[in-house]
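Please find below a colleague's note on the two-chain model under review.

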Amino acid sequence: MTEAENTIPLLIPCSSISTESNKTGSWRFLRPLYDEKTSPCSAACPAGEDIARIEMLTAQGMFKEAWETILRENPFPAVCGRICPHPCETVCNRGEFDEAIAIHIVERFLAETASRYDLKPALSRLTAKKEKIAVVGAGPAGIAAAYFLHQLGYYCDVFEAMPEPGGLLRWGIPLYRLPLPALRNEIAQIESHGVRIHTGQRISKKFLQDAKSHYNAVFMGCGHPRTVQIGIPGEGISAVENGLEFLKRLRHGESISLSGLSAVIGGGNTAIDVARSIVRLGGKASILYRRRRRDMPAFEEEIQMAIEEGVELRELVAPVKITEDGGQCMLTLQEMKISGEDNRGRTNILPDEGKTRELRVQRVFKATGAGPAEDWLNPAEKPGTSLALTNTLLVRPDKGPVLVFGGDLTNETKSVVQAVASGKQAAMAMDILFQDGFEAIVPKLQACLVGQGPSLSMEVYMGGDRRSRNSHIVSYAEINADHFQFQPRISQPRLLRGERLKSFEEIDLKISTNLAIREADRCFNCGICNQCDNCYMFCPDIAVIREKGNQERCIDYDYCKGCGLCVVECPRNAMTLKEEEL
Amino acid sequence: MKRVIEGSHAVAEAVRLAGVQVISAYPITPQTHIVEILSEYCAGGTMNARFLRVESEHSALAALIGAQSCGVRTFTATASQGLALMHELLHWTSGARLPIVMAEVNRALAPGWNIWTDQTDSLAQRDTGWIQMYCEDGQEVLDSMLQAYRLAEHVYLPVMVVLDAFYLSHTYESVDVPAQEEVDRFLPSYQPRFQVDTENPCAFGQLVPPGHYMKMRHDIAGAMEESLNFLNEIQEEFYRIFQRRYNPVEAICCDDAEIIFVTSGTVTSTCRLVLKSLREKKEKVGILKMKLFRPFPVVMVREAVSRAKKIAVIDRNFSFGASGIFAQEVRAALCNVREHPAVFGYIAGIGGLDVTAELLEEIYWKTKNTEFPEKESEWMGI
């Protein structure tokens, strides 16, 4: 018998009648929702960049869109991709799985890709406002303030004392960390949006008094270009130089040669920059710090690289005297000891009485902190009503225009991304002040926080899609790690140590598109939908609808019976299960 | 081609030759060797099949129910706790009339934890609607697997091919592994009478009223009966190609036997030696080897033992509160026969204990020297 003749009775339960009439949605008492949340990286980013989305777009090869997503919150991706201490990576949920995403490397890649293809970002600008604003200082804070004010519709003039914009980025950061073309390109890009920078114009006290007739507000972002005096004998001798001044001379293109040992006093990023520049100029550098390495305000990665390059670090020593000694310097160092911590967790130190030693060096560089160029620029000394925000200080003097102090003048952490944060906060605060009045500033800023803050989102402020984002910060426990596989983090390609010491060539090298995509693809995309379609695949009721050509997913509540599988299987917590309201 | 392979590999070779398209299984001793080699075949391209890794036996069979509904040939293997975990879906498979084939390696159920042979795991699934075949050696394993697909796809019922743990699964023997062309002649590709078809959408397995349900169950009963006939029919064809045949029961020297052993699995081989030695002593003894357990070949059993005085059923299993399961089935088959031999039930080799020739001989003399069974079950070697 052939199977075609098989007549064994075979009654089976089978129906070709549609089951659509059976609206299983009526069984539901729990409702799944697409509910995008906040990624920990974006909340930790002082500029509030939408990092989960940036990585998602990069992984999808949408580099322009990813770059524009950065630009909505930060005009400096090429700069921040290089020199930002990336607090985002410290809190990356993927770090609990294998290794954090190399967010800064991807950011730099996007900026470089945009530059290589000469991309023009499509960014929205609100309708023009009548108020005009002056910005003092074309450093990252001033430029960011002008950039965001321009987006909000304001006319801005940026005044810069130096012959070229960039502030500390231009004159204080060594080339091996931030090459000039990258900075110039980024600033030119910002200027092309319509930000006007007037260089070589130092602002006087009188300018502020006269500004009222031309400007409704002035943003003070003129930074801390002046090295603070240590206050020890011998500080003024010719072999002692200010660290910032030294870096500035280098960035002016002066050819400096050094030999022998130089001492660098301080523990901040300037001290590291000075020391690493010294070794590139043929000298040896010894950093003298009065606390310990772990207490240094400099970024750990920078300290590490300096030591790799042969910089010596002496902890728990404070110079107390400098004397000239036959064309050299004799430093008298007081040894310090630990005496507990202060109430902010910073190590307290005391001189270890009787313990001093001497150190003979060729040169001494002071990098013990910086202050404003002139005392009247100090924000504390202004009369009138003031409002202290997280990164700025807004002052309404009795006379003259509204002043908003930002950047290094007000930021506790002096970094480029904090400068951007303060420029953004200033722009928002001024806009609120002009549009809704002084009282509205705090509540309106509150509504634009990324997660719990203090970072602010300009996209949210301007009414973009991001405003629907839930402020809940996704934790690693909320990630369904079953859907991910271990994959190591990209390692930053770098110049070899020997090559580094020969010149001021940029140390960190470019990465390929492939590597950038692979790294971005490691991102969990915490809290946001990347169209992975797990919800669609796991839904037992075919109640997840994805329309062709539409990136959105939606749920057909006629048939969703609220089993919650989609929510559990969402790898990135972009969905929420809520009890049905009766 | 003759090869020296494990019983497990005999299963795997049959699965390869049958051109199975979807395999899903969860590892469990003593079954693991089967799917281990199959996974290699799938990964290496020897087989053009999807190997679905799952998190449990329940999911393994569920996956196959889905795959088989789409009209492909499928395979799984399990043992002991794994089979117990599949229980719900065993019913579903037969109810849905899906011709899935499974290799079941008989292993004792826990606790105490025991990985050795014991038939209780498969026999406890006797009411799930699966055809069950018990194998004696590696060759029979391979051949039964090929026949299982042919049979399953004719009657639309699932088949369990059962082999003893270690004695069969892990023992290397000479096995004739046939050529692909030979197998293709015996086992054509699967042409399902129903399947999921996206062009003609339909739903399977939905609610049915009692009348329909009863008719469906009746159809399964009918298919079970038909499977006995069909299995007999295909032996001739199988013999022509492979020069081997297997009947649902094998009656060995039963024509003049006064005492007949009823055996299954590898115990049969040992019993063949005992038979030889007893026959040399002029004892009138026979063996009834039970290959097929479901459907139970009632008529063949009645016929084979019709001339005997006593039957000694060897059960490597036990139904607590009743007796050995083969003994129960044999008694049930005979109870409506006016004159039938006395049925002695012996429980032996539980949890992998050796069933030796000496033990079987002891059973023979005990049966011979006892007029009538004093109890339902005699536990041997305890």
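1. The structure is a predicted model, and the remarks below should be read accordingly.

2. Domains of chain B. Chain B is divided into domain 1, residues 2-242, and domain 2, residues 249-379. The C-alpha centres of these two domains of chain B are 28 Å apart. Their contact draws 26 residues from domain 1 of chain B and 20 residues from domain 2 of chain B.

3. Composition of that contact. On the side of domain 1 of chain B that touches domain 2 of chain B, the elements giving two or more residues are α5 (120-123), β6 and α8 (210-242) of chain B. Helix α8(B) provides the largest share of this side, with 5 residues. By residue class, the side of domain 1 of chain B that touches domain 2 of chain B comprises 13 nonpolar, 7 polar and 6 charged residues.

4. The sheet of chain B. Seven strands of chain B form an open sheet in the order β3-β2-β4-β5-β7-β6-β13, and the pairing is mixed. Its edge strands are β3 (50-53) and β13 (292-294) of chain B, each of which pairs on one side only. From one strand to the next, the twist averages 20°.

5. Helix α1 of chain B. How many of the residues of α1(B) are buried? The helix covers residues 7-17 and is mostly covered, with 11 of its 11 residues buried. The buried residues of α1(B) include Gly7(B), His9(B), Glu13(B), Arg16(B) and Leu17(B). Just after α1(B), Gly19(B) adopts a positive phi of about 65°.

6. Domains of chain A. The assignment for chain A gives domain 1 (24-36 + 529-579), domain 2 (132-225 + 373-445) and domain 3 (226-371). Between domain 1 of chain A and domain 3 of chain A, the C-alpha centres are separated by 59 Å.

7. Strand β9 of chain A. Why is β9(A), residues 261-265, described as largely enclosed by the rest of the structure? The description holds because 4 of the 5 residues of β9(A) are buried. One partner of β9(A) is β10(A), residues 284-288, which runs parallel to β9(A) and is joined to it by 5 bridges. In that pairing, Ile265(A) stands opposite Leu288(A). Strand β9(A) also pairs in the parallel sense with β15(A), residues 363-366, over 4 bridges. There, Phe365(A) is the bridge partner of Val264(A).

8. The β-α-β unit. Strand β9(A), helix α12(A), residues 269-280, and strand β10(A) together make a β-α-β unit, and its hand is right-handed.

9. Contact between the chains. In the model, 12 residues of chain A are in contact with 22 residues of chain B. The side of chain A that touches chain B has 7 nonpolar, 4 polar and 1 charged residues. Strand pairing also links the two chains: β1(A), residues 14-15, and β9(B), residues 203-204, are antiparallel and share 2 bridges. Here Ser15(A) faces Ala203(B) as its opposite residue in β9(B).

Key: Residues numbered from 1 in each chain as written. Chains lettered and ligands numbered in written order. Predicted model: local features only at pLDDT ≥ 70, side-chain atom pairs only at ≥ 80, totals over all residues. Pairing = 2+ DSSP bridges. Axes fitted to C-alpha atoms, helices over the stretch in contact; angles between N-to-C directions. Domains from an automatic or database assignment. Contact = placed C-beta atoms within 7 Å. Nonpolar A, V, L, I, M, F, W, Y, C, P; charged D, E, K, R; others polar. Buried ≥ 20, exposed ≤ 12 C-beta atoms within 10 Å, placed from the backbone. Right-handed = clockwise from strand over helix to strand, strands pointing away.
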